Amino acid sequence: MYNGKYRYSLEEKGRLFIPVKFRRGLSPEAGDTFVVTKGYDSCLALYPLDEWRKVEVKLSSYPTDNPKARRVVRWFSANAEVVKLDSQGRIKIPQYLAEFAGLNKEVVIIGVLNRIELWNPESYEREESESDPTKLGGLNGLDL
């Protein structure tokens with residue numbers, strides 16, 4: 001499971017260091033392979049390959065006769081790209097995905113349990129300021 005927050009620079013060629021703590025968390029099944037795709041809230045979601053396979057199974061179970069379900073499946077699947085760690089612990093972010101998330105020079109990298117999210121720093125700060133659980137309504141039943 002991933003947790004924690006880091007800031008790293010996005011290199012000119014679109015390469016990004018993945019924190020050592022996160023690289024050490026890769027299972028033998030994932031090896032050195034991640035899947036990066038569009039995430040919610042204008043970030044990118046980075047899944048170790050074995051976790052992405054679980055997402056695919058879940059997405060495949062969605063009813064194809066439901067238009068909203070079809071959109072969700074397309075959102076994640078059509079934008080999913082396999083990326084591998086290089087010898088220096090970097091991945092290459094496809095340009096169209098970096099543009100979607102507004103990733104330029106600096107990237108906020110956060111662990112979110114089974115995935116890693118990649119954020120534009122300003123977008124992340126805005127999202128975090130709006131995510132204070134004490135200010136959110138409708139959390140009844142989450143038992144936190």
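This briefing covers aromatic pairs, salt bridges and a charged surface patch in one structure.

The model is predicted: local features need pLDDT of at least 70, side-chain atom pairs count only at pLDDT 80 or more, and totals for chains, interfaces and linings use all residues. Residues are numbered from 1 along each chain as its sequence is written, and side-chain values use heavy atoms, with hydrogens and water left out. A search of the whole structure finds seven aromatic pairs. The structure also holds ten salt bridges.

**Aromatic pairs**

- Rings of Phe, Tyr and Trp (its six-membered ring) pair if their centres lie within 6.5 Å; planes under 30 degrees apart are stacked, over 60 edge-to-face, and the rest tilted.
- One of the seven pairs joins tyrosine 40 and phenylalanine 76, with ring centres 5.3 Å apart. Their planes stand at 85°, so this pair is edge-to-face.
- The pair links distant parts of the chain, 36 residues apart. Tyrosine 40 sits in the loop between β3 (33-38) and β4 (44-48), while phenylalanine 76 belongs to helix α3. Helices (H or I, at least four residues) and strands (E, at least two) are DSSP runs, numbered from the N terminus.
- Tyrosine 40 is exposed, at 54% relative accessible area, whereas phenylalanine 76 is buried, at 8%. Buried means under 20% relative accessible area, exposed over 50%, and partly exposed in between (1.4 Å probe, protein chains only).
- Tyrosine 47 and tryptophan 52 make a tilted pair, because their planes are at 55°. The ring centres lie 5.6 Å apart.
- Tyrosine 47 is buried, with a relative accessible area of 8%. Tryptophan 52 is buried too, at 3%.
- One aromatic cluster is formed by Tyr2, Tyr6, Tyr8 and Phe22.

**Salt bridges**

- A salt bridge is a side-chain nitrogen of Lys or Arg within 4 Å of a carboxyl oxygen of Asp or Glu.
- Lysine 5 and glutamate 128 meet in a salt bridge, at 3.3 Å from N to O. Lysine 5 lies in strand β1 (residues 2-9) and glutamate 128 in helix α5 (residues 121-129), so the bridge ties together parts that are 123 residues apart in sequence.
- Lysine 5 is partly exposed, at 46% relative accessibility. Glutamate 128 is partly exposed as well, at 39%.
- Glutamate 51 bridges to lysine 54, with the closest N and O atoms 3.1 Å apart. These two residues are three apart in helix α2 (residues 49-60), so about one helical turn separates them. Glutamate 51 is buried, at 15% relative accessibility.
- Glutamate 56 and arginine 53 form a salt bridge at 2.9 Å, N to O. Both lie in helix α2, three residues apart, about one turn of the helix.
- Glutamate 56 is partly exposed, at 29% relative accessibility. Arginine 53 is partly exposed, at 43%.

**Positive surface patch**

- Lys68, Arg70, Arg71 and Arg74 form a positive surface patch.
- Patch residues have over 30% relative accessible area and no salt bridge; like charges are joined within 9 Å, and nonpolar side chains (Val, Leu, Ile, Met, Phe, Trp, Tyr) within 5 Å.
- Lys and Arg count as positive and Asp and Glu as negative; His and the chain ends are not counted.
- Arginine 74 is found in helix α3 (residues 67-77). Arginine 74 is exposed, with a relative accessible area of 53%.

Definitions and conventions: Areas by Shrake-Rupley, 256 points an atom, 1.4 Å probe, with all protein chains shown as cover. Charge placed at Lys NZ, Arg CZ, Asp CG, Glu CD.
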